[in-house]
Amino acid sequence: MIPVNPDRFLQDLHSLRAIGASGVGKGVVRPAYSAADIEARDWLAQRMIDAGLTPQFDPMGSLFGLVEGPSLLMGSHSDTQPEGGWLDGALGVIAALEVARAAKESGGPPVSVVSFQDEEGRFGVTTGSAAWSGVLPAEKIGALTDPKGITLPEARAAMGDRLGGWVDPKRFTGFLEMHIEQGPLLDQTGGKIGVVEAIVGIRDRVIRFEGQQNHAGTTPMALRRDAFQALGRFNTLINERFRNVVTPATVWTIGHVSLHPNAHSVVPGKVAFSMQWRDGEAERLRRMEEIIRESAEEVAQAMGMTLAFGPMLGVEPVAMDRAMRSALAEAAEAEVPEQWRQMPSGALHDASNMARLMPAAMLFVPSIGGISHDFAEDTAEADLVSGLNVLARAVARMPASTG
């Protein structure tokens with residue numbers, strides 16, 4: 001086992017939490033390319049230097065801490081949701097830093113560290129790792145915009161001259177990511193560790209209905225081309241039509257709605273909304289896409305709407321590497337006997353993109369109450385340290401082909 005320092009790990013984790021602290025509990029506000037996000041990356045770059053790693057920003061703003069020669073790559077992301085928790089992503093980055101630092105101090109296996117940019121999707125889906133892995137083609141990056149219409153290049157300009165070239169993926173023998181579960185299973189069952197079997201696939205796109213803006217007091221209901229009513233009808237249709245297609249593990253969400261003109265006394269003429277769906281099978285994702293498209297077209301025709309679809313974003317379902325999973329399972333049994341389990345990930349992670357490039361695996365620790373993407377997100381520090389120790393044991397057990 002690599003001799004990690006739990007106190008140093010927790011101190012770094014709390015130091016990172018202070019950058020962009022929300023003032024509400026342990027909450028953090030550190031969206032991609034914000035001032036707090038860039039400050040956090042500068043702080044992390046210095047911690048990498050202190051640990052004997054060489055920091056390098058890539059063209060997206062992802063930050064690598066590199067050792068010489070082939071190495072295992074570990075990490076996650078340090079950006080947050082607009083109202084984020086202190087552990088989502090940050091835990092994986094700081095755990096990776098501690099393992100890399102301890103390995104270097106003790107002469108252990110070489111470990112490099114990464115904090116990917118925009119995992120939380122201000123501009124897409126796991127944008128930084130998607131760009132690095134090639135899942136997101138380079139020619140599409142410049143056209144990405146956030147919900148306020150700011151382009152990715154405009155936001156990225158805030159990083160100034162920090163940006164460098166692409167890091168060659170071939171220098172890494174595998175990728176390992178530690179993360180909070182972001183769900184209730186471990187917390188409800190008393191589990192301490194989850195070894196991830198596979199990560200679900202995700203599809204995400206914006207749909208737009210355009211009808212006719214009009215006076216809310218004088219326009220008869222039968223004559224309205226109300227964009228919000230179109231959204232309501234669409235939502236009802238897909239919920240009905242998904243029933244015979246989905247499983248209990250399938251999820252779908254309309255999470256962002258922009259209504260125009262968004263006024264009390266005006267029949268809304270336009271609506272743009274996000275439609276996201278997740279499942280472990282590519283064929284089910286495809287069938288859901290068909291239902292979404294057919295239902296939107298039906299609503300548009302019935303209500304006299306024009307219809308537009310934004311670009312499809314997302315990644316395919318992906319299994320984690322068997323040998324790395326085995327090393328994690330053995331380490332978990334040694335650290336928390338009979339208090340760990342194999343489990344899927346319903347949330348998307350950078351490891352999904354990494355699995356296209358190299359062997360990849362993930363480790364979960366419990367989320368109190370299953371809460372994440374919220375200021376109330378938290379995990380007991382004893383569970384955080386257990387996860388760190390499992391990582392330290394697993395890295396020492398990794399097969400030669402994965403570090």
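Predicted model: local features only at pLDDT ≥ 70, side-chain atom pairs only at ≥ 80, totals over all residues.
Trainee: What makes Arg205 and Glu289 a salt bridge?

Mentor: The closest N and O atoms of Arg205 and Glu289 are 3.8 Å apart, and because the cut-off for a side-chain nitrogen of Arg and a carboxyl oxygen of Glu is within 4 Å, the pair counts as one of the 22 salt bridges that the structure holds. The pair links distant parts of the chain, with Arg205 in strand β7 and Glu289 in helix α9, 84 residues apart.

Trainee: Why is Arg205 called buried, and what is Glu289 called?

Mentor: Arg205 has a relative accessible area of 9%, and since buried means under 20%, Arg205 is buried. Glu289, with a relative accessible area of 27%, falls between that limit and the 50% over which a residue is exposed, so Glu289 is called partly exposed.

Trainee: How do you know that Glu298 and Arg241 form a salt bridge, and which helices does the pair tie together?

Mentor: Their side chains meet at 2.9 Å, N to O, which is within the 4 Å cut-off. Glu298 lies in helix α9 and Arg241 in helix α8, so the pair ties together parts that are 57 residues apart in sequence.

Trainee: Why are Glu290 and Arg286 said to be separated by about one helical turn?

Mentor: The two are four residues apart in helix α9, and therefore about one helical turn separates them.

Conventions: Residues numbered from 1 in each chain as written. Heavy atoms only, no water. Buried < 20%, exposed > 50% of the residue type's maximum accessible area, 1.4 Å probe, protein only.
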